[in-house]
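Subject: Structure handover

Hello,

Here is the structure I said I would pass on. My notes follow below it.

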Amino acid sequence: MRKWVIFGLTLSLFFGCAKKEDVIKIGEFGGLTGSTATFGISTKNGIDMATEEVNAGGGLLGKKVQVIVEDDRCLAEEAASAVKKLVTQDKVVAVLGEVASTRSLAGAPICQENQIPMVTPSSTNPKVTEVGDYIFRVCFIDPFQGEAMAKFAFDNLKVKKAAILKDGKSDYSVGLGQYFAETFKKLGGQIVADESYFEGDQDFKAQLTSIKGKKPESIFIPGYYTEVGLIARQARELGINIPLLGGDGWDSPKLTEIATIKKPGDALKDCYFSNHYASDDPNPIIQDFIKKYQTKYSEVPDAMAVLGYDAANILYDAIKRANSTEGPKVRDELAKTADFPGVAGQTTIDSARNARKPLVVLKIIEGGKYEYTATVNP
Amino acid sequence: MQEFLQQLVNGVSWGSIYALIALGYTMVYGVLQLINFAHGDVFMLGAFFGYYFSRWTKIAQEPTLFGFFATLLFAMAACALVGIIIERAAYKPLRARPRLTALITAIGVSLLLENGGQLLFGADPKFFPTLISESKLYESENLVISNLPAIVLAVSLVLMLLLRFIVLSTKIGKAMRAVAFNREAAALMGVNVNNVISFTFLLGSALAGAGGILVALAYPKIDPLMGLLPGLKAFVAAVLGGIGNIPGAVLGGMILGVSETMVAGYISSTFRDAIAFALLVIILLVKPTGLLGSRVGEKV
């Protein structure tokens with residue numbers, strides 16, 4: 001019996017080694033289960049699509065690309081150990097992930113320390129890329145997003161008094177709320193209430209009642225879709241019928257499913273959020289991607305899928321240009337990325353390793369669908 | 001003033017959820033002196049049984065009042081069964097052991113249900129179908145009372161009265177009290193202790209199942225860890241009201257719910273739990289047996 005076990009182990013070791021030779025290992029960490037699971041799943045779908053296309057076209061540097069995925073269950077502690085495993089055990093050459101800024105911040109120092117380039121598809125908090133020169137992102141950052149939504153509220157919706165309801169434990173939410181407030185006040189608006197909740201909360205009526213008493217004309221909720229859906233329901237239950245505004249954390253097919261009282265998405269009807277792309281944009285790059293995605297996964301891609309696809313392609317492009325998988329070389333090429341034709345817009349990486357690109361404002365309409373409303377350029 | 005009334009309504013409706021879970025804790029404790037930490041997780045199972053039942057029977061697509069009651073009864077029956085299985089498998093073999101052993105086993109069962117639930121149902125939240133649609137019972141500019149919290153409150157009060165009736169005025173209730181008072185003596189008097197304890201778990205778990213469905217109606221996000229924090233706080237509510245005392249559980253739940261809401265609404269949501277629990281410590285310092293608990297002389 002024992003002999004066979006040893007034989008098996010030796011065999012697996014042999015194949016393990018043999019395999020290492022002809023693939024390029026890329027690590028991906030994301031929340032495939034847990035409170036914001038649709039973010040992780042969409043991102044993975046996008047990355048898988050990009051990887052399949054690269055492999056179908058002969059791979060990179062003559063080798064196939066293999067993506068090793070770790071599920072962090074939407075927990076920051078798990079994110080750190082997932083990245084540690086990818087870097088030290090699986091010996092990946094680069095890391096893709098996370099969506100939530102708090103979890104990207106947990107993983108980034110490990111990549112930086114080991115000189116492994118990390119590309120986050122959709123973490124928008126500015127602190128993420130400040131961790132070090134190996135950390136990149138392919139999306140815009142929260143100061144831009146917060147500013148855009150504040151301007152949109154003030155100029156387009158003519159809101160003069162706004163309230164903020166944010167997730168007090170999330171770097172993304174606290175940051176975005178703060179940038180919104182700064183711009184809104186600079187424009188001459190007034191923030192009448194600034195309340196917090198915590199991820200996992202079920203009941204938001206205490207905060208909402210308190211906000212209602214201050215009579216704002218709109219509430220900015222820079223949170224993630226699960227809580228936003230519940231907040232919208234409870235706000236309508238309390239008779240708060242003003243438009244709710246938010247950021248890219250809203251984008252999930254689950255959002256309008258939760259925010260359904262009688263008809264799909266009715267609790268969020270006529271609300272607005274900023275996003276990375278609009279699915280009704282006639283741009284052929286976007287429509288082609290949507291068609292490909294739909295045949296593969298039979299649903300319309302959300303922004304996380306698009307950014308996952310872009311992040312993987314930008315990384316693969318950098319590896320190709322570097323003609324190497326060594327961390328420092330790939331890093332240098334990533335930093336040189338300019339005018340990359342991504343699905344979510346032309347992507348140029350700036351000196352702070354952030355992407356410079358426009359954002360879109362989407363309106364939630366009848367039936368829980370999104371409608372393109374405006375584009376804001378940086 | 002109306003804002004204060006609205007916060008009070010919010011607090012009472014949130015508190016009635018604690019009350020509903022606390023009832024089950026307090027009853028099992030009253031009979032067995034066992035803190036059944038798995039109670040919050042049976043509550044979670046209730047919500048999931050309802051979720052799958054209503055989807056499987058297509059009740060979720062076309063909700064009717066009958067469909068709602070069918071779902072409620074199914075969840076209660078399924079939870080009662082789970083409760084009996086837990087008692088027979090995990091607690092009964094340890095009944096003659098020190099109380100601490102049973103307590104630790106209860107924590108073990110709780111962890112088993114939470115992690116087993118994540119494996120079985122998946123860790124991502126599910127959204128409970130709208131079996132009863134929301135409508136407003138009373139509406140003015142600053143005060144809104146909707147039907148769902150009212151239903152939760154009414155059901156907790158009815159269940160409280162029903163439980164009280166069972167415990168105080170039925171034969172099985174008499175047997176439960178006898179077992180609670182002195183298990184050996186009750187056995188000598190011809191009370192079937194095993195059946196009485198099983199019945200206690202059946203009743204407590206069915207209550208938890210009903211709680212799961214009602215909470216899921218008012219707060220439709222359900223996940224395998226949803227029983228953890230409400231379960232813990234319901235336990236606190238039971239202690240606050242005087243553990244073992246049925247009206248005390250409801251009162252304790254209300255106080256906890258209202259104080260949490262008031263702190264979040266008027267002071268800061270960051271300090272919500274801290275202040276609510278500080279209040280608990282103060283109440284227990286002044287009245288160590290809880291608000292409605294009776295002082296029991298330590299048996300030597």
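**The sheet and a cysteine beside it**

In this predicted model, strands β3 (residues 94-96) and β4 (residues 118-120) of chain A pair in the parallel sense over two bridges. Strands here are DSSP runs of E of at least two residues, helices are runs of H or I of at least four, and both are numbered from the N terminus; two strands pair if DSSP finds at least two bridges between them. Across this pairing, Val95(A) stands opposite Met118(A) in β4(A).

Helix α12 (residues 303-322) of chain A packs on the sheet and touches β2, β3 and β4 of chain A. Its direction makes about 165° with that of β3(A) (axes are lines fitted to C-alpha atoms, for helices over the stretch in contact, with angles from 0 to 180 degrees between N-to-C directions).

The sheet is open, with five parallel strands in the order β2-β1-β3-β4-β5 (chain A). β2 (64-71) and β5 (135-137) of chain A each have a single partner strand, so one side of each has no neighbour in the sheet.

Cys111(A) lies in helix α4 (residues 101-113) of chain A. Cys111(A) counts as buried because it has 27 C-beta neighbours inside 10 Å (buried means 20 or more other C-beta atoms within 10 Å, exposed 12 or fewer, partly exposed in between, with C-beta atoms placed from the backbone). Its contacts (C-beta atoms within 7 Å) include Val95(A) and Met118(A), not counting residues up to four places away in sequence.

Residues are numbered from 1 along each chain as its sequence is written, and chains are lettered from A and ligands numbered from 1 in the order written. Local features need pLDDT of at least 70 and side-chain atom pairs count only at pLDDT 80 or more, while totals for chains, interfaces and linings use all residues.

Regards

Technical notes. Two residues are in contact if their C-beta atoms, placed from the backbone, lie within 7 Å.
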